[in-house]
Amino acid sequence: MASILSISIRKGNTIGYLTGLCKVPKNHNVTQLAFMKRVALMEHIPKPPPYPYWKKQCNDLHMMFDPMSLRYDDNSKLIIVEGPPAVGKTKLCEEIAKEYGLLYMPPPTHDEIFINPYGFDVRSINSKLPPSFKHHDLNDFLKDPYHELTAVFQLGYFLMKFEQYLNALLHILASGQGVVLNRCIYTEAAFMHAMYNAGYISKPVVNNFERMRLNTFKFLLKPHLVIYLDASPEVTLERIKQRGNINEINSKVFTINYLSDLENATKQTCLGWLSSQTEIVTYDWNKAGNNMDIVYDIEQIDLEEDTSKQKFYDWLFSNSEHIIDCMALYQDKILIYNNIDGYIESEIPSELYSCTEERDEYDKEMEKIDSEQYLYGYNPKYDKIPIIKRPGIRLSLFRRTPRDFINCKYFSCHEM
């Protein structure tokens, strides 16, 4: 295997990738490439089970004898599907995941933040909460994009997509299974740009998000492949109507100008910045094509990690400790979140600021909700708790019911 993740793991080997990744053919005149393969065409090679990152810490001690290199193959990749609303990203993601044996993580929604595992929706107490602590979701934004909580709404999306991306990286490194995402954190800047141009958020808010991005993106491994489904704003508006979501249809948000700004910022700013380190493929989707054509095209794209390339360089690991350090970072998340919060307090825009009095009022109301008092599985009112029960690893630090692993065959999502 030519995948960078297939390195020969040796403790303390600081040049492991140089000997394990540079595949020199016998005649020294041609370069061997490794391409993704559909499940139907892959040779079945038994692999170790995934490292149980959902219930066990990733660290050098626990993983001292872990056979991580045996899990990786040419499908251990991160693929992103991007495009305007209603263009058909979900169906394509599902097809790619099915054909290549990848994990599909569905796009996060605000229900994951506001509905807890016991079914209680904290939005139901909005009338009792102070103004800056009311729970504001996508439907609220679509109804009134100029609302004072729009910046907080967008912060929720930023954090959800960021956390999902960390979980995607963790899953690939711990299991060897590739992941496909429907949009990702790298294109959030395009939404910021479009929202600012439309007057929904202020320049200080945009600057704050830009600072958060610069503080945290340095920790991320960039995707191997981004597939962009391109459709004009006019076609996008028509498809939004065809999708039939009344909140989207009646919203003032989806205008030609907004969708044009979103399209231009995605292509020029976000994907333009990624193009030197990630493979970017664009399809004209004004007339929806055949998803399987894209699936077959993926097999022809060289996604091999190699020391001679700038693309995919993030995925060059010098030794096993390097991989384990990344896994620990993405599993724990605290160090990265500390960098997200690493802005100067005096520079926090007013739209993202809340006073102590309102925080205290919010906490008092939340304390009245019995299903919010304990971690899921440990609430004496709802759960039968064994005498000895070890909690699993929390793969989400702020979403109540994350769906990142809803399609994962290795463990049930309630263990997160």
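Start by selecting Arg400, which is partly exposed, with a relative accessible area of 21%. Keep in mind as you go that this is a predicted model.

**Stop 1: the partner of Arg400**

Show both side chains and look for the salt bridge: the closest N and O atoms of Arg400 and Glu372 are 2.9 Å apart. Both residues sit in the segment after α14, and the pair ties together parts that are 28 residues apart in sequence.

**Stop 2: a network of charges**

Next, select Glu112, Glu163, Arg399, Arg403 and Asp404 together. Salt bridges that share partners join these five into one network. Zoom in on two of its members, Glu163 and Arg399. They form a salt bridge in which the closest N and O atoms are 3.0 Å apart. Which parts of the chain does this pair tie together? Glu163 belongs to helix α5 (residues 150–175), while Arg399 belongs to the segment after α14 (356–366), so the link joins parts that are 236 residues apart in sequence.

**Stop 3**

The whole structure holds 25 salt bridges, and here is another of them to visit. Select Glu82 and Arg183, whose closest N and O atoms are 3.8 Å apart in their salt bridge. Colour the strands and loops to see where they come from: Glu82 is in strand β1 (residues 78–82), and Arg183 is in the loop between β3 (179–182) and α6 (188–197), so the pair ties together parts 101 residues apart in sequence. Glu82 is buried, with a relative accessible area of 1%. Arg183 counts as buried at 15% relative accessibility.

**Stop 4**

What is its phi angle? Arg183 has a positive phi of about 70 degrees although it is not a glycine.

Now jump to Phe312. Its phi is positive as well, about 65 degrees, and Phe312 is not a glycine. You will find Phe312 in the loop between α11 (291–298) and α12 (320–332). With a relative accessibility of 3%, Phe312 counts as buried.

**Stop 3: a look inside**

For the last stop, select Gly83, Pro84, Tyr228, Leu262 and Thr266. Of the 15 residues that line the largest cavity, these lie nearest its centre. Two elements give two or more residues to the lining: α8 (233–243) and α10 (256–274). Colour them in turn. Which one gives the largest share of the lining? That is α10, with four residues.

How much space lies in the cavity? About 120 Å³. The structure holds one cavity of 30 Å³ or more.

Conventions
Residues numbered from 1 in each chain as written. Predicted model: local features only at pLDDT ≥ 70, side-chain atom pairs only at ≥ 80, totals over all residues. Heavy atoms only, no water. 1 Å grid on protein atoms, 1.4 Å probe; cavity = no way out; pocket = protein on both sides within 12 Å on 5 of 7 lines; lining within 4 Å. Points joined across faces, edges and corners; volume = space filled by probe spheres on them. Salt bridge = Lys/Arg side-chain N within 4 Å of Asp/Glu carboxyl O. Buried < 20%, exposed > 50% of the residue type's maximum accessible area, 1.4 Å probe, protein only.
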